[in-house]
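Start with the chain and end with single residues.

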Amino acid sequence: GEGEGEGGMVCEGGVCYLPGHSPPKSAGDEEEGNKREEESKPDKANSSEDVDSVFFKGDAAAAVSKSKGDNKLLVAYIDTPDEAGAERKSKLWTGGDVKAAFRDCIVLHLVSNTQDALNFAQIYPVMSLPAVYFISPFGTPLSFALGPALTVEELEEKRKEAEQKNEG
């Protein structure tokens, strides 16, 4: 039901989770190593443009509205604003396969602790980050995937599961 997560989130250092759940592992300890690794990757500039093309341009309210109006699944991807989050976003959402698999969905990218993400968490409790929620055009949560070990395959599997539930 609506409002289950209201006020129940605990936020520490940019990471939010529900009380009683452990906070997701932070990449902060390895940040220095990640920075050196980032610099050695050549085509970083191209991937950012490519990855953003899969996401809905607009805020959460507009995405929900479009999902309902077009009768399409809403796929909400919530992650941290740091480099680890950017790297996961790039790994999960880049490439023709992902674009093709999610072309009939409204894919919304939310950054933790922004107003859109906090509003979303009031309706759909976000237990750890990253999180991907598959929501029907009527606002019913159909499926979700959580954790830093998310894979493209897992996302496609969850999307198919959500589409079947939505049709059924």
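**Layout of the chain**

The chain holds seven helices and six strands. Helices (H or I, at least four residues) and strands (E, at least two) are DSSP runs, numbered from the N terminus. This is a predicted model, in which local features need pLDDT of at least 70, side-chain atom pairs count only at pLDDT 80 or more, and totals for chains, interfaces and linings use all residues. Residues are numbered from 1 along each chain as its sequence is written, and side-chain values use heavy atoms, with hydrogens and water left out.

Along the sequence, the elements follow the pattern β-β-α-α-α-β-α-α-β-α-β-β-α. Of the 168 residues, 39% are buried. Buried means under 20% relative accessible area, exposed over 50%, and partly exposed in between (1.4 Å probe, protein chains only). Contact means heavy atoms within 4.5 Å. Among contacts with a separation of 6 or more, 64% join residues 24 or more positions apart.

Next comes the sheet. Strands of a sheet pair through backbone hydrogen bonds, either parallel or antiparallel. Here four strands form an open sheet in the order S4-S3-S5-S6, with mixed pairing. Two strands count as paired if DSSP finds at least two bridges between them. S4 and S6 are the edge strands, and each pairs on one side only. From one strand to the next, the twist averages 15 degrees.

S3 and S5 run antiparallel and are joined by five bridges. Valine 75 has phenylalanine 134 in S5 as its bridge partner. Helices lie against these strands. H4 lies across S3, S4 and S5, and runs at about 145 degrees to S3. H7 packs on the sheet and touches S3, S4, S5 and S6. The direction of H7 makes about 170 degrees with that of S6. Axes are lines fitted to C-alpha atoms, for helices over the stretch in contact, and angles run from 0 to 180 degrees between N-to-C directions.

A nonpolar core is a set of buried Ala, Val, Leu, Ile, Met, Phe, Trp, Tyr and Cys residues joined through side-chain atoms within 4.5 Å. The largest such core has 21 residues, and Val75, Trp93, Phe102, Val132 and Leu155 touch the most other members. At least two residues each come from strand S3 (73–79), helix H4 (83–93), helix H5 (96–101), strand S4 (105–111), strand S5 (131–135), strand S6 (141–146) and helix H7 (152–167). Apart from this core lies another, of 17 residues, including Ala76, Ile78, Leu108 and Phe120.

Take one member of each core. Leaving aside neighbours within four places in sequence, phenylalanine 102 is in contact with Val75, Trp93, Val107, Phe134, Leu155, Glu156 and Arg159. The charged end of arginine 159 sits over the ring of phenylalanine 102, 5.7 Å from its centre. That label requires NZ of Lys or CZ of Arg within 6 Å of the ring centre and within 35 degrees of the ring normal.

Isoleucine 78 is in strand S3. Its relative accessibility is 2%, so isoleucine 78 counts as buried. Not counting residues up to four places away in sequence, isoleucine 78 touches Leu110, Ser112, Phe120, Val126, Leu129, Pro130, Ala131 and Tyr133. The C-alpha atoms of isoleucine 78 and serine 128 are 9.3 Å apart, though 50 residues separate them along the chain.

Now the rings. Rings of Phe, Tyr and Trp (its six-membered ring) pair if their centres lie within 6.5 Å; planes under 30 degrees apart count as stacked, over 60 as edge-to-face and the rest as tilted. By this rule there are nine aromatic pairs. Phenylalanine 55 lies in the loop between helix H2 (44–52) and helix H3 (60–70) and tyrosine 77 in strand S3, so the pair ties together parts 22 residues apart in sequence. Both residues are buried.

Tyrosine 133 and phenylalanine 144 are also stacked, because their ring centres are 5.9 Å apart and their planes lie at 25 degrees. Tyrosine 133 is in strand S5 and phenylalanine 144 in strand S6, so this pair links parts eleven residues apart in sequence. Tyrosine 133 is buried, at 5% relative accessible area, whereas phenylalanine 144 is partly exposed at 42%. Ring pairs also link Phe55, Tyr77, Trp93, Phe102 and Phe134 into a cluster.
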